[in-house]
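Have a look at the model first.

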Amino acid sequence: GFIGSHLCESLLRSGNEVVCVDNFATGRLANIGHLFDYPGFELIEHDIVEPLPAFPAFDRIYHLASPASPPGYRVLQIETMRVNSEGTRQLLEVAEANGARFLYASTSEAYGDPLEHPQREDYRGNVSSTGPRSMYDESKRYGEALTFAFLRTRDVDARVVRIFNTYGPRSDPHDGRMVPNFFTQAMTGQPLTIYGDGSQTRSLCYVSDTVAGLIRAMEQPAARGEVINIGNPDERTVYEYADAILTITGSASTTIFTEPAVGDDPQRRRPDISKARALLGWEPRVSLDEGLRQTYEWFLTELSLVNERDT
């Protein structure tokens, strides 16, 4: 996956041994190809809802397995619900058996279309249990509840991180989310597709900042039993992001407006990161301009390789 590949790389660079488990339902092998150069890296291709293979003893378990984009979880609805329920249970049992710390990567979508702004961890959300995003939103909420059940009844050293919109290199050009869509469309001369009127807001966090937050949450003993927002509180409209990407790419693409591909689209999204600042000493460091430029450099190479393969 996108965030997972950066997490693996960061952990390896710090001298850790890393076992990456992925079934590549939505992930890409190319994202981790360079990691095989590290002697401490091992890939196990496996679906964590199936009986698990024999693992080595783990000290830390990061559970990031799940489709995370609307096109992904709309196609893989049952699979998304199973990986956040059955898959979560199995990994929690591994953590229990190993005495390992466990981090469950949840999502800002746990807040649904929020009635509270910005979103604090104690906000319980405005989520539909049967809506077009429910397979993702509700399965993530279930995964959170299961994580805390294991913490309370089996003393698993667990924490939950709610990840807000993250962008950067290695995101799939066909992912369907805002930043990959805008870059791919701008760089191929297509109109930028804005769902709704563009006034809805998002808060984008560069991937290196998100990964740093995940590691801090895992390594901070006081994070045990906590839910922590990891995201960038720099809130902007979707239209502003489209304009920024057109400027960076120098594209002459126009913008078009259409209905959301998936209903229940949140109208506002901004994390309150007071807890992350106080508990983890963490806050994002990469500015939007710097992050978008680094992402643009990656898309220049990625789209060139795609064109070469297509021809």
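Here are a few questions and answers on helix packing in this predicted model.

Q: Is helix α3 roughly parallel or oblique to helix α4?
A: The axes of α3 (residues 77-98) and α4 (residues 134-154) come within 9 Å and cross at roughly 15°. Angles under 35 degrees count as roughly parallel. So α3 is, relative to α4, roughly parallel.

Q: How many charged residues are there in the contact of α3 with α4?
A: On the α3 side the contact includes Arg89, Glu93 and Glu96, and on the α4 side Lys140 and Arg154. Sorting the contact residues by class gives 7 nonpolar and 8 polar ones, with the charged ones numbering 5.

Q: What angle do helix α5 and helix α7 pack at, and what is α5 to α7 as a result?
A: α5 covers residues 178-187 and α7 covers residues 238-249, and their axes are 10 Å apart. The packing angle is about 40°. That is why α5 counts, relative to α7, as oblique.

Q: Which handedness does the crossing of α5 and α7 have, left-handed or right-handed?
A: The helices touch through residues including Phe182 and Phe183 of α5 and Tyr241 and Ile245 of α7. As α5 passes α7, the crossing is right-handed.

Q: How many nonpolar residues does the contact of α5 with α7 have?
A: Met178, Val179, Ala186 and Met187 are among the α5 residues in it, and Val238, Ala242, Leu246 and Thr249 are among those from α7. The class count shows no charged residues and 1 polar one, and the nonpolar count is 11.

Methods:
Residues are numbered from 1 along each chain as its sequence is written. This is a predicted model: local features need pLDDT of at least 70, side-chain atom pairs count only at pLDDT 80 or more; totals for chains, interfaces and linings use all residues. Side-chain values use heavy atoms; hydrogens and water are left out. Axes are lines fitted to C-alpha atoms, for helices over the stretch in contact, and angles run from 0 to 180 degrees between N-to-C directions. Helices (H or I, at least four residues) and strands (E, at least two) are DSSP runs, numbered from the N terminus. Angles under 35 degrees count as roughly parallel, over 145 as roughly antiparallel, 65 to 115 as roughly perpendicular and the rest as oblique. Contact means heavy atoms within 4.5 Å. Ala, Val, Leu, Ile, Met, Phe, Trp, Tyr, Cys and Pro count as nonpolar, Asp, Glu, Lys and Arg as charged, and the others, Gly among them, as polar. A crossing is left-handed if the near helix is turned anticlockwise from the far one by less than a right angle, and right-handed if clockwise.
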